[in-house]
Amino acid sequence: MRGSQQQVLPRYTLSDNGDFLCLRWASGVTLQAEDIHSTIAAVTAASPRGRRPLLVHIGRVERITPEAKQLLMDDTCSTRTAVVGVDEVSRVLTAFNYRSATPSRYFTEEADAIAWLREDPGSDGASAPMDAFRAEMRGDVLWVECESSTDVTNAVAEALVTEVHQLSPTVCPPMLIRLNHLVSLTEEALHSLATELDIAALAIVGAEPGDPIITAYYKQQHHPPYPTRHFTTAGAAQEWLADCFRLGPG
């Protein structure tokens with residue numbers, strides 16, 4: 001009798017920390033669409049006066065189904081979402097965050113995540129597009145360095161397109177871009193980069209687990225007209241560009 005009445009542990013818990021909500025997933029669960037519908041409803045109900053930031057402890061979640069991932073990417077029940085993971089598995093599981101409709105970042109330390117949730121939203125890179133990257137010609141290659149932990153909105157993408165035209169007004173150069181812990185890319189930004197960048201090729205450099213996913217998604221969904229490839233080091237990217245265009249050092 002006692003065994004038949006054994007308590008079923010919840011798949012997640014939600015607590016109210018005042019200026020933000022905290023969602024903790026149970027260890028070993030597979031996140032499914034119904035789980036995300038449930039958490040969205042719970043988060044919305046917990047903030048009747050308006051959306052608030054959300055801290056998510058992903059813990060040792062087993063898997064996230066494709067349907068659940070899409071719901072998480074489309075979700076706007078919070079003003080921003082900080083995901084705290086325990087290992088590289090957690091980071092890989094949540095690598096799709098860069099495409100989320102809500103600003104989202106991955107952290108390994110709760111204190112860092114909370115500090116970001118409490119930041120003034122006006123301090124995000126979206127408020128100053130030109131501050132989100134640095135661009136310059138190095139020989140025949142256009143180098144772009146994203147500032148660390150950048151959110152690339154359409155305003156940032158448009159600023160980059162303008163900068164490319166100004167730096168190389170008469171020549172269509174190959175471009176090397178270092179992501180530097182890029183946080184998110186909106187669909188509008190990806191579309192602008194694919195349709196408006198006047199470049200001959202794009203080498204994307206990034207060592208984060210989500211960086212190859214960004215490149216693959218960009219190619220598959222937005223079909224840029226120039227060759228695009230991901231690299232983990234700038235050296236390998238330079239070699240590819242040199243092989244493609246027989247460029248000199250620089």
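Ala, Val, Leu, Ile, Met, Phe, Trp, Tyr, Cys and Pro are counted as nonpolar, Asp, Glu, Lys and Arg as charged, and the others, Gly among them, as polar. The model is predicted, so that local features need pLDDT of at least 70 and side-chain atom pairs count only at pLDDT 80 or more, while totals for chains, interfaces and linings use all residues. Residues are numbered from 1 along each chain as its sequence is written, and side-chain values use heavy atoms, with hydrogens and water left out.

**View 1. Lining of the largest pocket by residue class.** The lining of the largest pocket has 9 nonpolar, 7 polar and 4 charged residues. Its volume is about 420 Å³, and of the 20 residues that line the largest pocket, R91, Y106, H181, L182 and E208 are the closest to its centre. A pocket is here an open set of points on a 1 Å grid over the protein atoms alone, where a 1.4 Å probe fits, with protein on both sides within 12 Å along at least five of seven lines, and lining residues have an atom within 4 Å of a point.

View 2. E145 lies in β9, residues 141-146, a strand being a DSSP run of E of at least two residues, numbered from the N terminus. E145 counts as buried because its relative accessibility is 12%, the limit for buried being under 20% relative accessible area with a 1.4 Å probe and protein chains only. Polar contacts, pairs of N or O atoms within 3.5 Å of which one must be able to donate a hydrogen and the other to accept it, join the side chain of E145 to that of R178 at 3.2 Å and to that of N180 at 3.0 Å.

Note on methods: Points joined across faces, edges and corners; volume = space filled by probe spheres on them. Helix = DSSP H or I, 4+ residues; strand = E, 2+ residues; numbered from the N terminus. Buried < 20%, exposed > 50% of the residue type's maximum accessible area, 1.4 Å probe, protein only.
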